[in-house]
Amino acid sequence: MNHYKRFSDLEQIAGLGIKKIRYPVLWEKHQPATDTQIDWSWTASRLQYLKDAGIDVIAGLVHHGSGPAFTNMLDPQFPGLLADYARKVAERFPHLRYFTPVNEPLTTARFSGLYGLWYPHKTSDKDFIQMLLNECKATVLAMQAIRTLIPDAKLVQTEDLGKIYSTPLLQYQADFENQRRWLSYDLLCGRVDAEHPLWAYLMSLGIAATEFQFFTENPCVPDIFGFNHYVTSERYLDENLDIYPAHAHGGNGKHRYADVEAVRVELEQETGIKVLLKEAWERYGRPIAVTEVHLHCHREEQLRWFKYMWEACCELSIEGVNLQGVTAWAMLGSVGWNKLLTKPRGMYEPGVFDLRGGSPRPTALAAYIKSITSQQEEHHLAQEKGWWQRSTRFFNHTPVLSLQGENLTRKDSRPLMIIGRNGTLGKSFANACYLRSIPFILLGRQDCDITDMASVLKAFEIHKPWAVVNAAGYVRVDEAENDALRCYHANCAGAVNLATICREQGIGFMTFSSDLVFDGNKNKPYVESDVVNPLNVYGRTKAACEQAIQEVYPQALVIRTSAFFGPDDTENFVHYVIDSLSRQTQITVAEDVKVSPTYVPDLVNVSLDLLIDQEQGIRHLANKGAVTWAELAMETARMFRLNPMFINAQPAAAMNMEAARPRYSVLGSEKGILMPTLDDALRRFSQERKQQVQLRSIV
């Protein structure tokens, strides 16, 4: 994500107050070919900055894969070649003390040699073990080479820390995999000999015993055992396939079974990071660090996951386990893990910083880590249970279709105050908060009339929110032409009242604007800094609101968005098309007005993340894509297999609408595209609608 082009990344990272950082000094970058004259200048400047900032570097030489293209993990020369590179690193950077020559060797060998997912795409136990041997031998030789120049260099050896649970029938498979998970460490510690539980298995592969003897003669016990742990690291094996989704089905040649996340199954055994770290401590009795902590989820869940890991490590430390640290990984996020790095256009997962705007934007996780390093009060949303601790995680849990505006809040937690009880957006925020375990209160006009300051003050006094989402407003664009004063009060004056109190109380505020603040004279997507010039009353009230909010409370978040559609809303355009075509009723739609239709669940979840991150200013949120209303109607007909002959496409001028519309109001962003594509949103909308119909027919 262009870290190699930005020096400023390190300034932000150093501001977190961290003590150590896993940092790439990657073999394939510095030595892509055997005859490469290594240019250390970029890396030297970064390592010097980190040194001056008082941050120790754990230098990673090979992360995932085989390093440069001139070798691979089955190459007998791989260990010696990596050792040569490691020596060059030590020569150039003698101040370094911590090294990870090969990250997660067992995991990488499984993906490359057993599953065939990564280069060199082998699928046999023999290739898997041979790759692991080469990686571990490379680690031993690399550390020997480094220590000739840096005698006190320390090995931080990382590996995924998981465990397999199973039904009684499959206990034999779980036992095998639970022995195998320690294999890289056992090799480095010189423990793999004829007494090892897996010795018979290893000898059955036809690999010479002398290959293992190398490690008993050259033990390289890690100075720090680095364990990477994810919510998917613990697995459960079950032969009852019909309980689980088809993608989880597999087998071992003897039995067919599902391999699923253990966290989604109700187990009698104790599970979780404390159990696993205790096992590692009892097995090796050496210093431990949790070297990767990450959850690809909503922002508050990222906070909860880090808190869960941090507190477990603190508890174990008190109990006497030598725990050296916890690592937020990856600092700048990662790309492609939703496709296991096997296909292009993989999803970007924000980490401590979000790079989708082109430069690192601190997320709430950055503030949370900073609060730990400075012993400040943690984010209150981190105090709720994470999804992996809630009953909704289980496979047999019945999903919630709609909250229908129900008010939920915890007595011991300040709520998010949502204004707009009777509107689509307000209900959608309530549903999202319910599913995300964010305490909230959903208010209508009778609870809080935002145009009446006394009513607003009373609501704040009663509910004491940590932030406010204004999802209320006047939405009838054509009627607004003859109802300008009422539209202004609902869309501008009320929002300013809310912003004023939020500013006075120092709490977050988010409100919504529209693509109709633009005049449509642009022929490419509008971005946040484009000049507004609304064509109708509705657009003018939204533009006035934007300006007033920025003057009253510059720290407020204003979301510009476009035409809504969603599974729980019967008032949106897509529902109108489905309903009309299902009844074979003709509809007239504009063929020359281009917009950015916005899927409400995406809008709500992304904007909640931004609010939790304490983002401010104007942001554009719409699903990436541009269609005319006629094109959207045709695509809807195709998705739901409805007859498009009832779609009457006309120029907007022929439709005699009361309010003028911009011919082009597609939204882009100069601050980062955060929403999925329109095609993806329409596909998910279609699936959600069909599932709802099926569930309702069952009921």
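**Figure 1. Helix α12 supplies the largest share of the lining of the second largest cavity, namely three residues.** The model shown here and in the following views is predicted. The second largest cavity has a volume of about 40 Å³. Its lining is formed by V293, H294, L295, Q302, W305, F306 and L365. Sorted by class, five of the lining residues are nonpolar and two are polar, and no charged residue takes part.

Figure 2. The crossing in which α11 passes α12 is right-handed. On the side of α11, the contact is made by I273, K274, L277 and K278. The partners on α12 are Y308, M309, A312, C313, E315 and L316. The residues of this contact comprise seven nonpolar and three charged ones, with no polar residue.

**Figure 3. Helices α18 and α20 pack at an angle of about 55 degrees.** Residues 573-582 form helix α18, and residues 629-639 form helix α20. Their axes lie 10 Å apart. At this angle α18 is therefore classed as oblique to α20. The crossing of this pair is right-handed. Helix α18 makes the contact through F573, V574, V577, I578 and L581. Helix α20 takes part with W629, L632, A633, T636 and A637. Nine residues of the contact between α18 and α20 are nonpolar and one is polar, whereas none is charged.

**Figure 4. The largest cavity has a volume of about 60 Å³.** A search of the whole structure finds three cavities of 30 Å³ or more. The lining of the largest cavity includes H620, L621 and A622. Also among the lining residues are L667, G668 and S669. By class, the lining of the largest cavity consists of six nonpolar and four polar residues, and it holds no charged residue.

Terms used:
Residues numbered from 1 in each chain as written. Predicted model: local features only at pLDDT ≥ 70, side-chain atom pairs only at ≥ 80, totals over all residues. Heavy atoms only, no water. Left-handed = near helix turned anticlockwise from the far one by under 90°. Helix = DSSP H or I, 4+ residues; strand = E, 2+ residues; numbered from the N terminus. Contact = heavy atoms within 4.5 Å. Nonpolar A, V, L, I, M, F, W, Y, C, P; charged D, E, K, R; others polar. 1 Å grid on protein atoms, 1.4 Å probe; cavity = no way out; pocket = protein on both sides within 12 Å on 5 of 7 lines; lining within 4 Å. Points joined across faces, edges and corners; volume = space filled by probe spheres on them. Axes fitted to C-alpha atoms, helices over the stretch in contact; angles between N-to-C directions. Parallel < 35°, antiparallel > 145°, perpendicular 65-115°, else oblique.
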